[in-house]
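Here are my notes for you to read alongside the model.

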Amino acid sequence: MLSLALRRIAFSLFSLLVVSLTLFILTRSIPTSPARIVLGDQATEDQIVQFDRDHGLDRPIVVQYGRWLRRLVFRADLGRSFTTGRDMNQQIADTLPVTMEIVVIAFIAATLVSVALGTLSALYRDSPIDYVARLIAVLGVSVPGFWLALVLILFFAVERDWFPPGGIVPFGQDPLGHLSSIVLPCFCLGCFYLAVLTRMTRSSLLDVLGLDYMRTARAAGLHPARVLAYALRNALVPVVTIAGLSFGHMFGWALIIEQIFNIDGMSRALLTAIQQRDYSMVQAVVMMFTLVFVGANLIADLANGWLNPRLAAGA
Amino acid sequence: MNALAARGRRLMASCGGPAGFFGACMIALLLAISLAAPLIAPHDPLEVSIVDQLQEPGEGHWLGTDQSGRDVLSRIIWGSRASLAVSALAVLIGLAGGVPIGLVAGFSRGRWLEQAIMRVLEAVSAIPILIWAIALIGIFGVKDGHLGPLTFSNETKLLIMLGLLYIPTLARLTYTSALGESQAHYVAARQLQGVGGLRIMFSDVLPNCLSPVIVQATLLLAIGIIIEAAISFVGLGVQPPTPSWGNMLASARDYLLSGEWWLSVFPGGAISLTVVGFNLLGDGLRDRLDPRHTIAQVSR
């Protein structure tokens, strides 16, 4: 288990390094320099040289990267934006919790419902509940979340007054209002993953239930609940892997969902940065996404090592 | 009559059953519609008409008109071109890059080249495609790009980027199959005949590795449609006035609260139907070509 953990952690760090280096080189290789964006077209050559020297942009890319990385690793400091001068740690601290709340709630709900639904669907194969679960799985993967969001807003917020059409009510102001304002965004975000995970749970559990040791367990007279618990422990391995991937992907789709529901989260930060051509901000936000994504995959791998010790031993 | 029925059955089986066949029909119909757009679109998709703006679906405009009085049906028909072109060309680029890389990595089993290629690909796949795409377009901007004498529209940039981002997925899939094939006796036999490595790779091994790749490519077509729409939806994809399903949805957002439902329902419906078609075909092909289900459902 320890060797699996160390190997996965090493690989995660390597991913972060490759991604951050790629982003860094890309943001530094755009023809329009930050100096031009900040100082405008009228700026003289001298002013631009001065700006670059002040911000360390005249150094070789590798040196700049090393400095950036050192600050990030040792001081958890993303630095200041070249173009707006904003403190990027502050910006992330302002927007990340909003996005995180929606993603975490959608993720937990989607995972719980899909494991329950997938299990029922596998246990009662070819019964009405199985058909319902399979229908949900097909619809969920085909309907894009952002369209679902528009239709649900039309139906529940415009035609009827059940949920607010957008924005988030702060929790401190009105806890109930807060909950009702995140129902639709969470639902739209979670739907696709609910479908994927339901399908995965169903097929994986069906595979395991058909194995010899399951028949032996049943023949030995074990309580059905006990048998199911054994089966689930093995069947959940691929589900956990996909769930780990899903968490990161949900973070990406939250960008679009936040945009539709007018939520002031990471998507606003990223899209504003893109509009203002604030590359250092784009880089910082994307780094945060990568961190979340790599972290979620790491947790999924470790959870699998715990669920199925053979993986840890064999890997 | 019997021969016809037999041919029909064969056709259906090659798509992996009735559902896959249905998906293939949907895609064929869609392709026909987008190719025939100039013939079948009832109106000019760019024709602005102030007197006709925001008309409900009805006679003259079956799916209504938008804020500039443009016919929604015609825009959906023309918009299918942008969506299909971006997703299809992106998959082609992904195949052209990913398959050779995967083959080479699979054949370099045990050498540093294999490790180098696969580790870098895995690291790049550490970020979801959607985020990579938004970040890259954010960095390069939505204006037309120039490279020497060539000018790239944002649409072209988007499809090239998507194609590059598909490479890791397709390369890893090809790699997995190639790894197994490279151990096969027929490869050793060809080597003993003195055939060169590249020739064995592309003319002998490649055909045996293609099944999972074809299935994945079909599923990537569906993913491409959704990602194109999502990126155009946030204003970073196909730029107005060129219609695309994503940017139609984006402008529909402003009319959501005032009750112009047809502006968002129809383009989104077109996206969903297309995705259903590709998914049905992909699932059908998977049942037929990859019965052991080695391809995990890729989350987009």
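1. A word on conventions before anything else. This is a predicted model, in which local features need pLDDT of at least 70 and side-chain atom pairs count only at pLDDT 80 or more, while totals for chains, interfaces and linings use all residues. Residues are numbered from 1 along each chain as its sequence is written, with chains lettered from A and ligands numbered from 1 in the order in which they are written.

2. Chain A has 13 helices and zero strands; here helices (H or I, at least four residues) and strands (E, at least two) are DSSP runs, numbered from the N terminus. The C-alpha trace of chain A spans about 85 × 55 × 35 Å along its principal axes.

3. Chain B brings in some strand: 11 helices and two strands, in the order α-α-α-α-α-α-β-β-α-α-α-α-α. Its C-alpha atoms fill a box of roughly 75 × 60 × 35 Å, taken along the principal axes. In chain B, 48% of the 300 residues count as buried. Among contacts in chain B with a separation of 6 or more, 72% are between residues 24 or more positions apart; a contact requires C-beta atoms, placed from the backbone, to lie within 7 Å.

4. Now the interface. In it, 45 residues of chain A are in contact with 38 residues of chain B. The elements giving two or more residues to the chain A side include H1 (2-28), H8 (175-209) and H12 (279-307), and H10(A) gives the most, with 11 residues. The chain A side divides into 35 nonpolar residues, nine polar and one charged.

5. Do have a look at H11(A). Seven of its 10 residues are buried, so H11(A) is largely enclosed by the rest of the structure. Among those buried are Met266(A), Leu270(A) and Ile274(A). The buried residues of H11(A) pack against H5 (88-123), H10 and H12 of chain A, together with H6 (129-140) of chain B. Just after H11(A), Arg277(A) takes a positive phi of about 55 degrees.

6. H6(B) is the partner helix to check next. It is mostly covered, with 10 of its 12 residues buried, including Ile129(B), Trp132(B) and Gly138(B). These buried residues pack against H1, H10, H11 and H12 of chain A, and against H7 (154-181) and H9 (197-233) of chain B. Just after H6(B), Gly141(B) has a positive phi of about 80 degrees.

7. Finally, Val227(A) sits in helix H10 of chain A. It counts as partly exposed because it has 19 C-beta neighbours inside 10 Å. Leaving aside neighbours within four places in sequence, Val227(A) is in contact with Met214(A), Ala217(A), Arg218(A) and Leu222(A). The C-alpha atoms of Val227(A) and Met214(A), 13 residues apart along the chain, are separated by 7.1 Å.

Conventions
Two residues are in contact if their C-beta atoms, placed from the backbone, lie within 7 Å. Ala, Val, Leu, Ile, Met, Phe, Trp, Tyr, Cys and Pro count as nonpolar, Asp, Glu, Lys and Arg as charged, and the others, Gly among them, as polar. A residue is buried if 20 or more other C-beta atoms lie within 10 Å of its own, exposed if 12 or fewer, and partly exposed in between; C-beta atoms are placed from the backbone.
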